[in-house]
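Student: I have a model open and want to learn how to read it. Where do we start?

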Amino acid sequence: MIDANTSLFGLIGNPVAHSLSPVMHNQAFAAAGCNAVYVALKVTDPGSALNGIRALNFKGLSVTLPHKVAVMEYLDEIDEAAKRIGAVNTIVNNNGKLSGFNTDCQGAIKALRVRTSIEGKSIAIIGAGGAARAIGFGLTTAGGHLTILNRTRTNGEQLAADLQADFLPLDECRPNRYDILINTTPIGMHPDTNATPLANNLLSKEMVVMDIVYNPLHTRLLKDAAARGCRIINGVDMFVFQGAHQFELWTGQKAPVGVMQNAVLQALQTKEI
Ligand code: NAP
């Protein structure tokens, strides 16, 4: 029930029309008994949007592409981890004071920790974009030994240098080298669902394989990994855990993780082919 006391939350990005964040957060607010609503806001000018958020007293925001870096200059304070990652995906508005956080990092680490330990593990991240940077930061902090596998050498080498990790061109990956393999590229995402970043003979059953793409839920990479006997982790786990952390930053209450997961899985069922 939306009334005069309803708290406002939203997502800023461009595009936002296919985001699953509204369905996830609105069901979470309802389950937790919060008088709050979450809307998707297509934004081209993040500076003006943040002035608007202050003026309209939105209590919190998610930030998605292409604004995760650009919003940082308009915030009053930035959490230390988000500063080191160099990107913000969550804003908390405390009486006009805007604070920035990065929950992608914790979301991915939590999704992994449910299935495996990280410390001392040999871990390959495929990709060197924003998600790879956030996840890589979390993994090195947690004591993983990281290799960045990327198509474009300069991007991969830069991220590897920033994280003090190794770099290997994606097409030079060899079998059985890693305990954990994480795809952070869009390869395999709808509608290109037959694509995969790695040939299946590079996967072995001792590996834990995670794909952060969540549409489809079971990407070609995850299907190949499951057929080889690997433990697999789909992109919904990371998405839900990063959202749960946002919910907790905004409300101070424990997130109804099961409700959030069901909301996302149900929404995906109508999309997945
Ligand atoms: P990004 O900054 O644009 O980075 C994309 C990376 O993928 C780059 O390293 C790029 O390599 C690589 N790449 C793209 N197309 C490729 C191809 N055809 N072959 C080989 N490499 C390719 O994007 P991002 O923000 O990191 O997001 C990446 C993906 O993660 C998106 O699909 C996004 O939806 C998903 N994501 C999921 C979650 C979640 O919660 N599950 C959270 C964040 C993001 P080059 O350096 O060679 O260009």
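Student: Is Cys173 buried or exposed?

Tutor: This is a predicted model, so keep that in mind. Buried means under 20% relative accessible area. Cys173 has 4%, so Cys173 is buried.

Student: And Cys105, buried or exposed?

Tutor: Apply the cut-off again. The relative accessible area of Cys105 is 8%, so Cys105 is buried.

Student: How many disulfides does a search of the whole structure find?

Tutor: Look for two cysteine sulfur atoms within 2.5 Å. The search finds zero. Take Cys173: its nearest cysteine sulfur belongs to Cys230, 12 Å away.

Student: What is the relative accessible area of Thr103?

Tutor: Thr103 has 0%, so Thr103 is buried. Thr103 sits in helix α4, residues 103–113. Beyond its sequence neighbours up to four places away, Thr103 touches Asn89, Thr90, Gln242, His245, Gln246 and Leu249.

Student: How many residues does the largest nonpolar core have?

Tutor: A core is made of buried nonpolar residues joined through their side chains. The largest has 32 residues, and Leu112, Ile148 and Ile182 are among those with the most contacts inside it. Elements giving two or more residues include α4, α5 (130–141) and β10 (180–183).

Student: Where does this core lie relative to domain 1 and domain 2?

Tutor: Check who contributes. Domain 1 (7–102 + 237–270) and domain 2 (105–233) both give residues, so the core lies between them. Apart from this core lies another, of 23 residues, including Phe9 and Tyr38.

Student: Which residues is Ile182 in contact with?

Tutor: Skip neighbours within four places in sequence. Among the rest are Leu112, Ile135, Leu139 and Met210.

Notes. Residues numbered from 1 in each chain as written. Predicted model: local features only at pLDDT ≥ 70, side-chain atom pairs only at ≥ 80, totals over all residues. Heavy atoms only, no water. Helix = DSSP H or I, 4+ residues; strand = E, 2+ residues; numbered from the N terminus. Buried < 20%, exposed > 50% of the residue type's maximum accessible area, 1.4 Å probe, protein only. Contact = heavy atoms within 4.5 Å. Core = buried A, V, L, I, M, F, W, Y, C linked by side-chain atoms within 4.5 Å. Domains from an automatic or database assignment.
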